[in-house]
Amino acid sequence: MERLVLNGEQLTVDGLVAAARNPAIKVELAPEAIERMHYSRAAVERFVAEGRVVYGITTGFGHFQNRTIDSDHVRELQRNIIMSHATGTGTPLRRDQVRAMLIVRVNTLAKGFSGIRPLVAQALLDLLNADILPIIPCQGSLGASGDLAPLAHASLILLGLGEAVEPGQSPVHGQRISGAEVLARLGQEPLILEAKEGLALTNGTALLSGLAALAIYDAEQLCRTAETVAALSMEALAALPSAFDKRLHAIRPHPRQIDSARSIRQLLQGSSFVYPNGEADPALYGPHKVQDAYSLRCVPQVHGAIRDAACYGRWATEIELNSATDNPLIVPVDPEQLAGEYEAISGGNFHGEPLALAMDFLKVALSELGNISERRTARLVDAGLNGNLLPPFLTEQGGLHSGMMLIQYTAVALASENKVLVHPAAADTIPTSGNQEDHVSMGPTAARQAVEMHDNVVGILACEALCAAQAIDLRWQKHQHLQLGQGTASAQQAIRQVVPFLAEDTVMYPHIERLKQLIVAGSLALAE
């Protein structure tokens, strides 16, 4: 994909993530979107000329909704909302998060219900396509009335205010440049905002939607990675493959449980590491068994439910990406007549509850993905749990060497931290704006927590992958004729390209970090 064309109707999670993470993809407004924007803009100008009382156009905002603003102060009103609402704090958003937010905002404006001039949306695209990104603190949005503070920080640049970061540099540590310098580089003058435009720039769920899209995309990839890592652990522990039999899952036909079981079967196909049917050789497979622990046997049931949460999140997010989330919205009286009469309707499309709940649901799912992975790691390092199939803590020189003992500690710490983060953000609400805005979604908090939890699960899976690869090599040393499955063989090879077999104790954290990078890159995710 060389370019992304925004028309307000067809933005997908995959398309958004691709453009957010690849600045070479240029983002454009579709001609039909520009046409729609002209119609609603003309309507706003008529409202002002006729002296109509319309929220945010000829009135104040929030608690000041009943304060009428005369036509001489319309421009000042729109500039003031940008400056006064830029109240964010905390660590700046990542580059891909800022890009995602800007793309979503422009796609919302492209629907043509915001009443702004196309040149305002194009100004945001100019920043995006130059990859000169506003510095936007991550905290300050309540997820209702839209993502006011983050969007205000983004819009400051258009006024020649605020700060941005040089292309390709980290918003946290990179070189900062002023908004005035950004506009000078682009050869532009500061925008003079007309009626409704400041409100349209700050009102809506752009941050929440952008964060949600990135979180969903990454969670889906992480599910596929987790199944690869789980399959390696199954081989290391001589698990019974019968638990993934197609017939078994057909009788409990949750679609993504079936998908997960199919992935495990594909990964393990041809493996002689797993427990064979019939009589087993204790030297190869340990004591006779008829079933495994839940963390092995129930992977499709657990991972399938986690996939369900991600699937729901994608469904809700893709609706939101192509929704009008301003207030008020400028809509035609007859939807079939774009050139006809328009009216301004005040409502609550900016309320982030649909995605707040989806992100809280995703958080629970991510927590479970980490929990079950940590339990498999515990079985790998504990000889009492794996029937002495493997040496304690995966070292042949226990005592002198601690082996993988502390690897499980790290997995436990991350899993435990996720249990704190999983508290539903949407369950909390504090009234704002003099109780006019008396119920908020806290959706951006849920989305940021989902991102943090994802990063923790990456670490947990890295710990499991490190232990599983070590365990497989220990079994290989004694039984060199054993073969890995068609999917796990390539995964083991990928792990060994960045982390060696550890015969002796060594400094461990670099190995965890390299495996985390491998996981984030998607190198262990089974393609579907």
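Modeller: One definition is needed at the outset: helices are DSSP runs of H or I with at least four residues, strands are runs of E with at least two, and both are numbered from the N terminus. Please also keep in mind that this is a predicted model.

Colleague: Understood. Where does N388 sit in those terms?

Modeller: N388 is in the loop between α15 and α16, the latter covering residues 405–421.

Colleague: Is N388 buried or exposed?

Modeller: N388 is exposed, and its relative accessible area is 63%.

Colleague: And how far apart are N388 and V451?

Modeller: In space, the C-alpha atoms of N388 and V451 are 38 Å apart; in sequence, the two residues are separated by 63 residues.

Colleague: Let us step back to the whole chain. How many helices and strands does the secondary structure come to?

Modeller: The chain has 19 helices and nine strands. Along the principal axes, its C-alpha atoms fill a box of roughly 90 × 50 × 45 Å. Of the 528 residues, 56% are buried.

Colleague: Which residues form the nonpolar patch on the surface?

Modeller: The patch consists of Y312, W315, I319, F361 and V364, which together have about 500 Å² of accessible area. Two elements give two or more residues to this patch, namely α14 (299–321) and α15 (353–381). Helix α14 gives the most, with three residues.

Colleague: Where does W315 lie, then?

Modeller: W315 lies in helix α14. Its relative accessibility is 54%, so W315 counts as exposed.

Colleague: Turning to the interior, how many residues of α6 are buried?

Modeller: Nine of the nine residues in α6, which spans 148–156, are buried. Among them are P150, H153 and S155.

Colleague: What do the buried residues of α6 pack against?

Modeller: They pack against the helices α3 (74–85), α4 (95–109), α8 (197–202) and α9 (206–236), and also against the strands β4 and β5 (137–139).

Colleague: You mention β4. What is the strand order in its sheet?

Modeller: The order is β4-β6-β7, in an open sheet of three strands with antiparallel pairing. Strands β4 (133–134) and β7 (176–178) are at the edges with a single partner strand each, so one side of each has no neighbour in the sheet.

Colleague: How many bridges join β6 to β7?

Modeller: Three bridges join β7 to β6, the latter being residues 163–165, and the two strands run antiparallel. Within this pair, E163 is opposite S178 of β7.

Colleague: Last topic: how many disulfides does the structure hold?

Modeller: The structure holds zero disulfides. In the case of C311, the nearest cysteine sulfur belongs to C223 and is 11 Å away. C311 is partly exposed, at a relative accessible area of 33%.

Notes. Residues numbered from 1 in each chain as written. Predicted model: local features only at pLDDT ≥ 70, side-chain atom pairs only at ≥ 80, totals over all residues. Heavy atoms only, no water. Disulfide = S-S within 2.5 Å. Buried < 20%, exposed > 50% of the residue type's maximum accessible area, 1.4 Å probe, protein only. Pairing = 2+ DSSP bridges. Patch = residues over 30% accessible without salt bridge, like charges linked within 9 Å, V, L, I, M, F, W, Y side chains within 5 Å. Areas by Shrake-Rupley, 256 points an atom, 1.4 Å probe, with all protein chains shown as cover. Salt bridge = Lys/Arg side-chain N within 4 Å of Asp/Glu carboxyl O. Contact = heavy atoms within 4.5 Å.
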